[in-house]
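Hello,

Here is the structure I promised to pass on to you. Please open it next to this message, and then read on for what turned up in it.

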Amino acid sequence: MKMMIKGIARETLNFIMEASKSTFPNEFAGLLQAKDGIITDILILPGTESSEVNAVLKLFMMPNISAVGSVHSHPSSVIRPSKADLRLFSKTGNHHIIVGHPFGPDNWKCFSGSGEEISLDVLDVEIEDDELV
Ligand SMILES: [Zn+2]
């Protein structure tokens with residue numbers, strides 16, 4: 001499933017940072033879902049194990065989930081995909097966000113399915129809370 005991604009909602013990025021802070025020193029991971037080309041939803045698996053490889057791997061094992069990519073945190077503050085990350089990125093979607101400690105507004109990068117750094121705009125959009133996926 002191909003979708004042109006225009007960017008990520010600021011609110012959603014803030015949510016990722018807050019979730020990463022509260023999960024620290026463990027890892028936060030989720031799948032990105034987009035509506036009308038804007039990433040507005042994070043799908044978090046209940047009971048996701050908070051270890052780098054396991055957390056992300058489990059997400060990609062979920063059947064029938066349409067995701068435009070993934071997000072996970074690096075408690076180490078190094079914002080660079082590991083070899084395991086690169087393998088997983090290639091499986092689902094083309095937008096993979098890695099956030100790094102201390103999870104400030106600029107402590108993140110977006111990577112393509114092949115692991116190259118790509119730009120992702122942060123958009124000020126209203127998110128309708130009452131709409132379910
Ligand atoms: Zn990683």
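Where does Pro102 lie? You will find Pro102 in the loop between β5 and β6. Before we go further, please keep in mind that this is a predicted model.

Pro25 sits in the loop between α1 and β2. As background, most peptide bonds are trans, and most residues other than glycine have a negative phi.

Asp36, in the loop between β2 and β3, has a positive phi near 50° although Asp36 is not a glycine. Ser77 also has a positive phi, about 75°, and is not a glycine either. Look for Ser77 in the loop between β4 (69-74) and α3. Are these two residues buried or exposed? Asp36 has 9 other C-beta atoms within 10 Å, so Asp36 is exposed. Ser77 has 12 C-beta neighbours inside 10 Å and therefore counts as exposed too.

Now for the overall layout. The protein chain has three helices and eight strands, and from the N terminus on the elements run β-α-β-β-α-β-α-β-β-β-β. The chain has 133 residues, and 35% of them count as buried. Among contacts in the chain with a separation of 6 or more, 70% are between residues 24 or more positions apart.

The eight strands form an open sheet with mixed pairing, in the order β7-β6-β5-β4-β2-β3-β1-β8. β7 and β8 (122-123) stand at the edges with a single partner strand each, so one side of each has no neighbour in the sheet.

- β2 and β3 run antiparallel and are joined by five bridges; here Gln33 stands opposite Asp41 in β3.
- β5 and β6 are antiparallel as well, with four bridges between them; Ile98 has Lys109 in β6 as its bridge partner.
- β6 and β7 (residues 117-118) are antiparallel with two bridges; Phe111 has Glu117 in β7 as its bridge partner.

β6 and β7 also form a hairpin with five residues between them, and Gly115 in that turn has a positive phi of about 85°.

Finally, have a look at the largest nonpolar core. In soluble globular proteins, nonpolar side chains tend to be buried together. Here the largest nonpolar core has 25 residues, and those that touch the most other members are Ile16, Leu32, Ile39, Val68, Val71, Ile97 and Val99. Several elements each supply at least two residues of this core: β1 (7-9), α1 (10-23), β2 (29-35), β3 (38-43), α3 (83-89), β5 (95-100) and β6 (108-111).

Leaving aside neighbours within four places in sequence, Val71 is in contact with Ile16, Ala29, Gly30, Leu32, Ile42 and Ile97.

Enjoy exploring, and write back with any questions!

Best wishes

Definitions and conventions:
Residues are numbered from 1 along each chain as its sequence is written. This is a predicted model: local features need pLDDT of at least 70, side-chain atom pairs count only at pLDDT 80 or more; totals for chains, interfaces and linings use all residues. A nonpolar core is a set of buried Ala, Val, Leu, Ile, Met, Phe, Trp, Tyr and Cys residues joined through C-beta atoms within 7 Å. A residue is buried if 20 or more other C-beta atoms lie within 10 Å of its own, exposed if 12 or fewer, and partly exposed in between; C-beta atoms are placed from the backbone. Two residues are in contact if their C-beta atoms, placed from the backbone, lie within 7 Å. Two strands pair if DSSP finds at least two bridges between them.
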